[in-house]
Each structure stands twice: as C-alpha cells, then as structure tokens.
Protein chains: 2
Amino acid sequence: MSSISLKYLATQLNMSVSTVSKALRDYKDVGEDTKTIVKALAKELDFIPNDIAVSLKTKSSKTIGVIFPSIVHWFFSGLFEEIKNEALKNGYLTILLTSNDNVQTENSHLNYLVKRSIDGVILSMSDNRRDFNVINEIRDSGVPVLELDKISKLTKNCSKVSVNDKESIFDATNRLIDSGKNKIAFISGILNRQNAVDKFIGYKMAIDQSSVKFDQSLTIPVHGEKLNEAYYSFVKLLKKHPDIDGVICHSDIVAIGCLQATLSLNKKIPDDIAIIGYSDWFVSSVIIPSLSTISQPVEELGKTAVKLLIDEIIHKRKNIKYNHQTIVIPTKFIKRNSS
Amino acid sequence: MSSISLKYLATQLNMSVSTVSKALRDYKDVGEDTKTIVKALAKELDFIPNDIAVSLKTKSSKTIGVIFPSIVHWFFSGLFEEIKNEALKNGYLTILLTSNDNVQTENSHLNYLVKRSIDGVILSMSDNRRDFNVINEIRDSGVPVLELDKISKLTKNCSKVSVNDKESIFDATNRLIDSGKNKIAFISGILNRQNAVDKFIGYKMAIDQSSVKFDQSLTIPVHGEKLNEAYYSFVKLLKKHPDIDGVICHSDIVAIGCLQATLSLNKKIPDDIAIIGYSDWFVSSVIIPSLSTISQPVEELGKTAVKLLIDEIIHKRKNIKYNHQTIVIPTKFIKRNSS
DNA sequence: TTGTAAGCGTTATCAC
DNA sequence: GTGATAACGCTTACAA
C-alpha cells in the first residue's frame, strides 16, 4: 500500500527527485556512479514506480480494452488468451468486457472503457450493429479502435483483422463436391451478420459452380451454439430430403448436432452423409467419428490484432500518421473422419 | 484524447476548481443553484473526469485482478463472466490473467498486478502451489487477496469462496448406491490438489459407509479436460472389471469420455452402467443420453467472491478491521438420463 | 457558500 | 551532471 516513492529515495540519497527519476530511467545526462548508487538503493528498498502517477503524467495507461460478444465460448476465450498474452508481452494490460451481442451494451462498454482511460480497444462487433457513431466518436477522440473477427465494411479509419470465411466454406464445399457428393445441405448462421453471410456466399458459390442446381430449401439457419436445435432441424431436413449426402455447418457445435442426428437415423458417416464443421472446437477431434472442420488461426488473429493496435497507439502518441490495415487471415481445413 | 478538465470548466464558469469539483459530486456545502449551473455545463461539454487523476489522488484504481489457471474452459470462463459483471455493477473493472497452472507464472502475475495498482485480487490457485510467500507479501502490503474455487487451507487472512466438492461427490455416489449399483468406479483428478482430493474423499466415504468394500483399483486419475484419455482409460477399466455398474467422474468432459466408452462396448446407460459427471457443462444436457451431473453455482461463486473482495477493499480504505470469511457454496445434483 | 492551496507520484524543462 | 520548478487533473483541508 504505502509503497516507496521517488521522493523517499531522493531524501535517503540526499539527491533531488529528478535526478533519481532520471537515473532510474538511464538518462544520458546523469553520472554513471550516481546511476549505480540510485539503482542499488531502489533495488534494496524494492522501489516500484507508481504507474498511476506515470499514467497521469505520460497520458498513457498501458491498458487496452477488449469487447467480445461473449467469453463463455471456445473461440472467443481462445482468442482472448492470445490477445492477453501478446499485450502482456508488450507491457499492456487487457480489460475484457462482453456485449452479449447487444449493441446498447456494446456502446456503453465502449464509452465506459474510454472513460476509464484505455489506450485503445479491440472490438468484435455484436451482430446487429447498424450504427457506427459511437465507434466513430471514440476513434475521433483519439482512441484507436481495431475490429477483430466480427468486423464491418462500413467503418473508416480502423484496422481490421478477420478470417476468410467465404473462401474457407467455398473450399470445404468443393471438397465435398469433389468427393462425389451432390446434395449438400448448409446449416448457416443467422443471416444478419457479415460472417454468416460470407459463409453462405462461399457455400452458394461452390454449388453454383458445380453441376447441381442451388436449392434454397437445403440451407437452414441455426444459432451456432445450439447443438440441440441443430439436431432436430437436421433430422427434420433429412426426413424431407432423404437423399442429402453432405452437410456444411457454420460451427462445430452445430455440426455435432448434425452428426448425432445422422447417427440417430442410422446413416453412415461419411459414406451416406459427410459432415464438415467450423472452428476446430476441441470436441471435434475426440467425438466419434471425429469431425472434419475448418480451423481458425486463433493465435495469429490475436497476435496480429494486438500488434496492429499497439502500433497505432504508438503512432498516435508520436503524432505520426498511421495507415490503417485490413488483414484477412486464412483458415485451414482439417480432414478427419466425417468427410 | 485532450478531454475537458475541471480547470477548463472552472474558467468557463468563472469559478474555482474546487467548487466545480464539489458541485459535480453533490457536496453538501455547495449552493443548489451553483450545482445546477455546473452540472449543466459539464453535461453540455460532455465532461468526463479523468479517472487516472482520481486514482492518483484517492489511491484507489477501482480495478481488481483475477488470476485463473485458464480461461479457455467452460467453468472458468463462466466464472469470469460473473465476476466481471458483478465488479462492473460496483464500478470496478476487472483484469484477467492466466497462470496455466504454473506457480512461477502465477507469482509473477500476482506481483505484476499489484505493481499495476489493482485494488485487490481474486485468485484461483494453480494446483501445485506449496509456497504462500508471495501471497502473504501481497496481502501484507495491503492488497486483499481472495481465494476462489481452488483455495488453500494454509493461507491466513484471506477470504475464501469454494464449493463443497466432498459432499457433492459423497451425495452423488450415494445416489448410485441407493439405485442398486454396487461396483462403482471413480475417475478422479490428479490427486495433488485439494479439489481432486476432496472429491475422492467424498467418493470413498460413501463407499466405505456402504455394504461393499472400497477397491483402490476402481479409482483412476484422468485430467479433467482429456475426453480421449477418459475414453481409453475407461474402456481398459471395463475390460478389467466387466461388472462395473456405475462411474462417478470429476468432470463432465471425462464423463462424456466414459459415456462413449460405455456405448462403444454396447452397454446400456444407465441400466448396465450409470454415469455421473461434474460441472453441468452445456454439452451434458444435449448429449445422448443426457448426462446426470453436479452443477456448480457459478453465478453465486462469482458474485460472492466479488462482494467479499470489494467489502474488504472498502474496509481497508477506511482502515477498519475486516473479518475474513470462508464460504462454501453448495452444488446441485442434476438428474438426467445417465443415472 | 465559495475559494485558496497543498499534495498525490511522476516526468520534463530549464537553469545552474 | 544535477536540481529547482511546473505540470498532469483531481481531492480536500482550511481559509475567507
């Protein structure tokens, strides 16, 4: 609590506060001998600079905010782990808030974070954001905002880091087509968000380029976390279209629902029905049969986001122009026994 | 960035900084009319107090640290969500760090957090901590440490919040016994940590009190996150003891491994083998058959922890004695189709 | 009821 | 090479 201060060190050493301060920070213009003396005592007394005072003076809190839709989620908790570690490596602390996919909450969190003097924020937008005022305001007030994973094409002057959803589903669908499947269903996310739309487009593109005709009734939306709902929906779909021989799912949880549904109807995987998931949730590798899936490069996503953000923070501090970047990171198809 | 300051408000209003400050915070001794004027302008200019300056002055950062073994984990991410929300409600921000169950990392995180001036810390200890010096030092330096879930009986002057592992496994085991099972296996955690030991004791107590003799070979350790390992271990165990008719698992993931193993050997659940898990992971309710499990009151754990910690912080600030508490929160047995 | 002034622990400018 | 001094933005005795 009552930690040791520069002033205390100074009086102990019979020096001025400023000399001590400079000595500790290896200023060029302070004597070598003084430095060693000062540092010795600092070490002995276990001096820890008060970072609140430093922040006040330097106007930098060395803290970044993160706003995710949720943290109780395989993908986001993994992503946060990476962000937090990379930030830490660079001397930044991370404050996580969750929006619950609610724009109101997201906005108020955003405002609260800048009020609590973060240096920048990483945002994974809630699905139904239509208005970008708050984001623009914050950015204009000098706090960099970096969009991660759930990004918008409509915001300006923000760096963006995301994954190539469209291409990865396009590729996965083609794999099924190439393996001889020709009635492939698609379990999509709710189609009011960019990621879900992109995935759907990837699927449709692949179908359109193939020899079979696109059939809208083979695409059904199921929330990515609802295993049960996926189960029942897919059973229903299979009853209606017994000749479905493949399914692409927008999440692993949903894929596992489909997998259970398929097994419950005594169909063979992948011979009767091939299944592909999305995310490489850890259960995918241990379920029986194991699930082919698309792995998102969580580590690279997180690290890239933090690096870009910190870079922008530093540029801003030095008042030098920063060029915002939009980075798309490729996914990886993981072939297992369900396809 | 260059936000508006009290001083600026003051000059605009031709008042002193202190009056403005007090007016804004509704001090008793400032005129009603002044208050309204000040507040009006503050609102108009969107004045936001600089909380770094406030922190420096008040010596309170309104931030708490949380150290968990991991965040990519159903239980811990849920717990963090609760902590974060409850903290927020009380005006506190939360900084999460993870130890990866490594004492070194945990210690350095602990120290780093106090260096970064948190007001208190919630700690879920890594398994193999034997030394409590760092914790004691921090606590003695005036930063309250609250132990949550993974607690130690050896630390003094810390509040502790945990779950009654022993009783809940004792109860679950008895349920199996009461339902006629008499060769019940136990998949334990690694027995070098309190939670794992407590669970084992609960199991053993129930067996010892029953008519059957305790058989050490029916207890096997499997890391709580290793579904696959559980699968293979349980298959092996069942081969060795084909008459096992029930199994208690220290985690849901492990239970699901056992469930798959059981099905793969064409045994009926729960008639041939009854299975009980631990944690009420969301998959438990949707797997087929659904898994009976022990639900940990995540919300109550999180809220209680935050309330106690903040209470202690406040006491400390006011320099009034605080009585540390040790709270054990009961779990709930959730009966589903696997028992 | 309002204002003055000191101080929180730093950093940074400018004399010495 | 070292040390006053002001400043960051706020709170709080204390004085007016």
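Which residues does Cys258(A) touch, not counting those up to four places away in sequence? In this predicted model, with local features needing pLDDT of at least 70 and side-chain atom pairs pLDDT 80 or more, totals for chains, interfaces and linings use all residues. Residues are numbered from 1 along each chain as its sequence is written, chains are lettered from A and ligands numbered from 1 in the order in which they are written.

Cys258(A) touches Ile187(A), Ala230(A), Phe234(A), Val247(A), Cys249(A) and Ile275(A); contact requires C-beta atoms, placed from the backbone, within 7 Å. The largest nonpolar core has 170 residues. Such a core joins buried Ala, Val, Leu, Ile, Met, Phe, Trp, Tyr and Cys residues through C-beta atoms within 7 Å. Buried means 20 or more other C-beta atoms within 10 Å of the residue's own. Cys258(A), Ile275(A), Cys258(B) and Ile275(B) have the most contacts inside this core. A second, separate core has five residues, among them Leu6(A) and Val38(A).

Chain A holds 13 helices and 12 strands, taken as DSSP runs (helices H or I, at least four residues; strands E, at least two). Its radius of gyration over C-alpha atoms is 26 Å, well over the 20 Å of the globule rule for 339 residues, so chain A is more spread out than a compact globule. That rule is 2.2 Å times the number of residues to the power 0.38. Of the 339 residues, 45% count as buried.

Definitions and conventions: A residue is buried if 20 or more other C-beta atoms lie within 10 Å of its own, exposed if 12 or fewer, and partly exposed in between; C-beta atoms are placed from the backbone. Two residues are in contact if their C-beta atoms, placed from the backbone, lie within 7 Å.
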